[in-house]
Amino acid sequence: MNLWHAALLGLVQGLCEFLPVSSSGHLVLLQNIFGIQEGALFFDSMLHAGTLVAVFVVFRRQIWELICHPIQKKMGLLLAATAVTAVMAFLFKDLIDSAYSGGLLGFGFLITAVVLMINERLARGKKKIPEMGVQSALAVGFMQGIAILPGISRSGTTIAGSRLFGLAKEDAAEFSFLLSIPAILGSLILQLPDAIAAGPADVPWSGIVLGMALAAVSGYFAIRLMLKLIKEKSLKGFAVYVGILGILVLLDQLVLHIFF
């Protein structure tokens, strides 16, 4: 992996982590296109750490309020959703690991497209986060657990799920992005032993630092953009994009075999 690859992957990770298009799916796709294998797990972990910085910066006020007042319903809802995701990640770890070879990537993108279109047609919620039911939070956590698979967007499924279970647009986005903190931290903890064992391999440390920095910066702007889009615009464009991408990936996987 050279600096150009590192910069591109960092940029893609930051943008796609918070836009509803699946960051893990795009990283798997690009790594297959560029033929990157050595050090990929360690580098992916560092990029995810970079995106955490963006969440902390944008939602610093909400995070500080949760830290100062942890005994509140919002915290309970976030913990409930996170617990479901954590159980799923633990139970299906082998399936998740095998999925990162890219075998399910095309189907993952298509699932994201369907979820986004369902959100656009059916979601009409108006509730604030504290008005959300615990069962709804558990269901969103389940959707986030499914989105661990590459190609299925974490932000897309959790925003759509929150909207379908009654949250207003802005509150659904906030709940999704706050939920990304334990999700990303959890994935880092799960990946850490294997990532340390594998090490950076042929990925230069300059590339790792550059990728992390670009993931943080692009992630910041992606969150800002997503907050604006979900309030004022439709997400249909993202659904069309991942739908077409899913078809192209499946075409390559089943017929062309250029990258897969």
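Biologist: Why is Arg154 called buried?

Modeller: In this predicted model, Arg154 has a relative accessible area of 10%, and buried means under 20% relative accessible area, with exposed over 50% and partly exposed in between (1.4 Å probe, protein chains only), so Arg154 counts as buried. Local features need pLDDT of at least 70, side-chain atom pairs count only at pLDDT 80 or more, and totals for chains, interfaces and linings use all residues. Residues are numbered from 1 along each chain as its sequence is written, and side-chain values use heavy atoms, leaving out hydrogens and water.

Biologist: What makes Arg154 and Glu17 a salt bridge?

Modeller: Their closest N and O atoms are 3.8 Å apart, and a salt bridge is a side-chain nitrogen of Lys or Arg within 4 Å of a carboxyl oxygen of Asp or Glu, so the pair qualifies. Because Arg154 lies in helix α9 and Glu17 in helix α1 (residues 3–18), the pair ties together parts that are 137 residues apart in sequence; helices here are DSSP runs (H or I, at least four residues; strands are E, at least two), numbered from the N terminus.

Biologist: How do you know that Lys74 and Glu174 form a salt bridge, and which helices hold them?

Modeller: The closest N and O atoms are 2.9 Å apart, and the pair links helix α5 (residues 73–91) with helix α10 (residues 169–198). Lys74 is buried at 12% relative accessibility, and Glu174 is buried at 15%.
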